[in-house]
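Work through the exercises below with the sequence and the 3D structure open. Try each task before reading its solution.

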Amino acid sequence: MNFKKLAKMAVIIIASVALLSACGSSTRGSSASKSTSPSLKKGDLIGISMPTKADQRWNVDGANLVKDLKKAGFKTKIEYANNSPSQQSNDINNLVSAGAKAIIVAAVDGTAVGPAVEQAKSQGDIVIAYDRLIMNTKAVDYYVTFDLERTGILEANTIINKLDLKGNGGKTKPLNIALFAGSDDDNNAPYFFKGAWDLLKPYFESGQLVDPSGLVTKDTTDADWKKISVHAWDQNQAQKQMDAFMTKLSQKPLAAVLSPYDAISLGVMKSIKNARPDMSPSTPFSASNPDNKSAWPVITGQDGMDIGITNIKFGAQAQTVFKNVALLANKTTSILTQIADDKKPKSTDAPMSNGKKDVPTWLLKSDELVKNPTGDQKGLHYEVEVGFITEKQYQKDIAAPIIK
Ligand code: BGC
């Protein structure tokens, strides 16, 4: 073959390759909206790994996910890890062995779960971090949660308003406050605290607020949250920590408690009742009478648990940050459906770093529930309206106080 013939053949080959690849991309449509690894199809098994059955919300989360995923044409298998990081790793391994092509993980311990999701990823699984980010690994594809700082912002604003800190609250004599943060192994906890602390810190600096335990001072930073964290969000642990606070408080009045979770709030209330039986929700803290030693403090919460509803109804708790978790299950299902339809899901918020990867993130909006709503706040019955609890359960919740 002479040089001319060779050159002619090369031109033909190059032209055919170009034509073929052009056809290929046109049959795949606009490549920007298509996935590069369409590893999932309808009918595939999706593994769901939830942290514990002991907390009300994770039961509702799990049930919603199963319902939505089935409706979307997937099969599901769900495991609850009893709040144990090692059990959760086993659960994830078992889900993958059972054939799960994607796993949805609400981590017990965001870091400890790393190796298990890496193993899942190595089998080709899609990994979705659900509500809690999985830390220090590249093996996370997507993160769906609620706006994390908003929890703390709503809680702090309730305290600021009820204590009249923008007015005269604490100006003649500092008001006493106890502060709690969430579990030390949960990446959400520092965000909740940051949302609250950025708003409360100025009142420590001005001397209007003081923590008699000395754990939190005007020099505390967002990074110090572990000093007041409650491991595993545990009610009994919170009660113990509050017992220590009450010893330091002694017979002085208590204006407020920043609590990031309804079960922590209940532990706090039990401790207050033991240490200071004179304090009662029937005499709530009032900014016009801050020296009343028997006044019940303003206590915040999160999750809209049944106990939270009861405590708000009977005045023991001021508010709860409620997450309509049905929306979170919808979002998760829609991500997996898009992948199965060979589309690339587009996240709506800035990616969150887990230390190893900027994970595509969706942040949903939580609501604030109170007894007598104003403005954007919602009443307690809202939980029935969005299907989080039944009317029957609601009636049970508002039947009798836990803390008198
Ligand atoms: C969740 C909260 C929940 C807490 C305790 C956090 O990771 O975001 O909604 O209150 O865990 O279960």
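**Exercise 1.** Is Asp68 buried or exposed?

*Solution.* The model is a predicted one. Start with the location: Asp68 lies in helix α2. Next, take its relative accessible area, which is 12%. The cut-off for buried is under 20%, so Asp68 counts as buried. Finally, list its contacts, leaving out residues up to four places away in sequence: Asp68 touches Ala326, Ala329, Asn330 and Thr333.

**Exercise 2.** Explain why helix α9 (residues 306–313) can be called largely enclosed by the rest of the structure.

*Solution.* First count: 6 of the 8 residues of α9 are buried, so the helix is largely enclosed. Then name the buried residues: Asp306, Gly308, Ile309, Thr310, Asn311 and Ile312. Now find what surrounds them. These buried residues pack against helices α2 (56–71), α8 (262–275), α11 (382–385) and α12 (391–397), and against strands β12 (320–322) and β15 (367–369). Last, look past the end of the helix: α9 is followed by Gly315, which has a positive phi, near 80 degrees.

**Exercise 3.** Describe how helix α5 (residues 148–162) packs with helix α6 (residues 188–205).

*Solution.* Begin with the geometry: the angle is about 35 degrees, and the axes are 7 Å apart. The crossing of α5 past α6 is right-handed. Next, identify the residues that meet. On α5 they include Leu148, Ile153, Ala156 and Ile160; on α6 they include Tyr191, Phe192, Leu199 and Tyr203. Then sort the contact by class: it has 11 nonpolar, 5 polar and 2 charged residues.

Key: Residues are numbered from 1 along each chain as its sequence is written. This is a predicted model: local features need pLDDT of at least 70, side-chain atom pairs count only at pLDDT 80 or more; totals for chains, interfaces and linings use all residues. Side-chain values use heavy atoms; hydrogens and water are left out. Axes are lines fitted to C-alpha atoms, for helices over the stretch in contact, and angles run from 0 to 180 degrees between N-to-C directions. Helices (H or I, at least four residues) and strands (E, at least two) are DSSP runs, numbered from the N terminus. A crossing is left-handed if the near helix is turned anticlockwise from the far one by less than a right angle, and right-handed if clockwise. Contact means heavy atoms within 4.5 Å. Ala, Val, Leu, Ile, Met, Phe, Trp, Tyr, Cys and Pro count as nonpolar, Asp, Glu, Lys and Arg as charged, and the others, Gly among them, as polar. Buried means under 20% relative accessible area, exposed over 50%, partly exposed in between (1.4 Å probe, protein chains only).
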